[in-house]
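Please read it alongside the sequence and the coordinates.

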Amino acid sequence: MAAPTISTHVLDVGRGAPARGVRVDLYRDGRLIASRTTDDDGRIRDLVGGPLEPGTYRMVFAVPSEFFTRLEVEFTVTDPGRHYHVPLVVAPYLCATYRGS
């Protein structure tokens with residue numbers, strides 16, 4: 001069984017394609033713990049790169065948009081035995097995120 005992770009998938013609906021090469025910084029309790037970029041499919045499968053711990057996490061996306069330059073999503077990990085997937089859908093003047101599976 002794989003260890004729990006925090007992952008993301010960035011989709012650029014303005015282009016109708018995954019957003020590859022998007023830098024995502026991950027903070028836990030205000031401290032930077034990881035910086036990664038999305039792969040060709042717009043995914044980062046494991047942002048943490050180690051054990052998942054309870055706390056407040058913040059993902060900062062350097063998005064490919066004409067309007068937005070940076071998007072931040074803050075969430076709380078209460079169960080470190082559970083996987084947390086936070087997808088981002090972005091277009092030139094729209095963004096949306098949700099708790100994925």
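Val10 belongs to strand S1 (residues 6–12); helices (H or I, at least four residues) and strands (E, at least two) are DSSP runs, numbered from the N terminus. The model is a predicted one, in which local features need pLDDT of at least 70 and side-chain atom pairs count only at pLDDT 80 or more, while totals for chains, interfaces and linings use all residues. Residues are numbered from 1 along each chain as its sequence is written, and side-chain values use heavy atoms, with hydrogens and water left out.

Val10 has a relative accessible area of 0% and is therefore buried; buried means under 20% relative accessible area, exposed over 50%, and partly exposed in between (1.4 Å probe, protein chains only). When neighbours within four places in sequence are set aside, the contacts of Val10 are Pro18, Ala19, Val22, Thr38, Gly42, Phe61, Leu88 and Val90, where contact means heavy atoms within 4.5 Å. Between Val10 and Glu66, 56 residues apart in sequence, the C-alpha to C-alpha separation is 16 Å.

## The loop between S4 and S5

Two residues of this loop are considered here. Thr38 is placed between strand S4 (31–37) and strand S5 (43–44), and Gly42 also lies in the loop between S4 and S5. Thr38 is buried because its relative accessible area is 5%, and Gly42 counts as buried because its relative accessibility is 0%.

The side chain of Thr38 comes to 2.6 Å from the backbone oxygen of Ala19 and to 3.0 Å from the backbone nitrogen of Gly21. A polar contact is a pair of N or O atoms within 3.5 Å; within protein, one must be able to donate a hydrogen and the other to accept it, and residues adjacent in sequence count only if both atoms are side-chain atoms. Beyond its neighbours within four places in sequence, Thr38 is in contact with Val10, Ala19, Arg20, Gly21, Val22, Arg43 and Ile44.

Gly42, not counting residues up to four places away in sequence, touches Thr8, His9, Val10, Pro18, Ala19 and Arg20.

## Val86

Val86 is located in the loop between strand S8 (84–85) and strand S9 (88–91). Val86 has 7% relative accessibility and so counts as buried. Leaving out neighbours within four places in sequence, its contacts are Ser7, Thr8, His9, Met59, Phe61, Val73, Phe75, Thr97 and Tyr98. Tyr98 is 12 residues from Val86 in sequence, and their C-alpha atoms are 6.0 Å apart.

Two strands pair if DSSP finds at least two bridges between them; axes are lines fitted to C-alpha atoms, for helices over the stretch in contact, and angles run from 0 to 180 degrees between N-to-C directions.

Strand S3 (residues 23–28) and strand S6 (residues 55–61) run antiparallel and are joined by 5 bridges. The bridge partner of Arg28 in S6 is Tyr57.

## Salt bridges

The count of salt bridges comes to 7, a salt bridge being a side-chain nitrogen of Lys or Arg within 4 Å of a carboxyl oxygen of Asp or Glu. Examples are tabulated with the accessibility of each partner.

| Arg23, partly exposed (44%) | Asp25, buried (12%) | 2.9 Å |

## Confidence

The protein chain has a mean pLDDT of 92, and 98% of its residues reach 70 or more; pLDDT is the predictor's confidence in each residue, from 0 to 100. Confidence in the protein chain is lowest in strand S10 (residues 94–97), at a mean of 92, and highest in S5, at 98.
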